[in-house]
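Please report on this structure.

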Amino acid sequence: DGVSKVTVGNEIRSLSSFYAWATAEEIIQKNPMLRVHKIKKQKVRKEALTEMEIERLRMAADGEMQKMMIEVLLSTGCRVTELVNIRIDEIQKDEITVHGKGEKDRKVYLNAKAELAVQVYLAKRRDENPYLLPGAKSMRERKGMDRKVSRKNWWMDRNNLTEGHITTSTVESMMRFNLKDVKKADVEKANPHKFRRTCATLALRRGMPIEKVSKMLGHENISTTQIYLDLKEEDLKRSHEKYVV
């Protein structure tokens with residue numbers, strides 16, 4: 001029907017999961033999806049943010065929470081699911097304990113910009129929520145919102161908060177759409193995952209061994225890390241000049 005191979009691949013995965021469950025539960029005897037081959041998709045290199053784009057996004061950040069999220073994501077390369085689960089008591093100056101995939105904890109580190117951004121943001125918090133990013137009420141529920149608190153600083157009014165942490169979809173929305181003048185800044189797809197890729201790419205370009213980049217990202221295999229890297233021909237040329245006799 002004219003849909004992309006990515007869409008077809010996603011539908012195949014969903015059907016495969018369903019029929020695998022149905023077979024395991026003995027609802028059916030054979031899994032019909034075992035005969036369906038995976039769709040081969042063209043591999044498209046995903047780009048990291050340039051240093052100029054990073055500075056433009058920093059200037060476009062709207063409020064202390066958004067500034068803090070940008071700096072933490074750029075410094076740590078953590079997943080958005082890890083970001084929302086960070087508790088304030090897990091932040092020790094320039095170190096944060098994050099809870100990765102498979103219930104595996106690891107340490108990530110804040111550079112000076114990120115550490116300062118966290119300090120400035122936390123100094124303005126006026127609530128007892130234990131999470132770095134507290135849960136938020138919907139706009140309809142924020143009837144008694146303090147008029148002195150702008151929409152960008154909704155988290156400064158405890159009446160706007162709920163128990164637990166903010167959702168990953170809310171963070172995605174804030175990073176994708178709420179950065180003011182992003183389109184004017186000529187920055188495409190400023191999503192949390194792109195910050196993760198940017199962190200890994202810049203670290204490698206500046207000399208961090210790929211094994212350590214992999215550990216920073218919480219990957220078990222270096223091959224997974226290689227998918228994240230946005231290495232261009234000039235990076236290869238510089239490395240060749242440096243290492244090859």
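In this predicted model, the side chain of D127 makes a polar contact with the side chain of R125. A polar contact is a pair of N or O atoms within 3.5 Å; within protein, one must be able to donate a hydrogen and the other to accept it, and residues adjacent in sequence count only if both atoms are side-chain atoms. The side chain of D127 also reaches a backbone atom of N129.

| Partner of the D127 side chain | Distance |
|---|---|
| R125, side chain | 2.7 Å |

Where does D127 lie? D127 is in the loop between α5 (112-123) and β4 (134-136). Helices (H or I, at least four residues) and strands (E, at least two) are DSSP runs, numbered from the N terminus. D127 counts as buried because its relative accessible area is 17%, and buried means under 20%, exposed over 50%, partly exposed in between (1.4 Å probe, protein chains only). Leaving out residues up to four places away in sequence, D127 touches W155, R158 and L161, where contact means heavy atoms within 4.5 Å.

The largest nonpolar core has 38 residues. Such a core is a set of buried Ala, Val, Leu, Ile, Met, Phe, Trp, Tyr and Cys residues joined through side-chain atoms within 4.5 Å. M65, M68, M69, L83, L133, V171 and F195 have the most contacts inside this core. Elements that each supply at least two of its residues include α2 (51-60), α4 (80-84), β2 (95-99) and α7 (192-205). The largest share, seven residues, comes from α3. M69 is in contact with L83, L133, V171, M174 and M175, leaving aside neighbours within four places in sequence. Another core, of eight residues, lies apart; A200, I210, L217 and L229 are among them.

W21 counts as partly exposed because its relative accessibility is 45%.

Finally, the whole chain. The protein chain has ten helices and five strands. Of its 245 residues, 38% are buried. Among contacts between residues at least 6 apart in sequence, 61% join residues at least 24 apart. The chain exposes about 16400 Å², and carbon and sulfur atoms supply 51% of that area. Accessible areas come from the Shrake-Rupley method with a 1.4 Å probe; for residues, only the protein chains shown count as cover.

Residues are numbered from 1 along each chain as its sequence is written, and side-chain values use heavy atoms, with hydrogens and water left out. As the model is predicted, local features need pLDDT of at least 70 and side-chain atom pairs count only at pLDDT 80 or more, while totals for chains, interfaces and linings use all residues.
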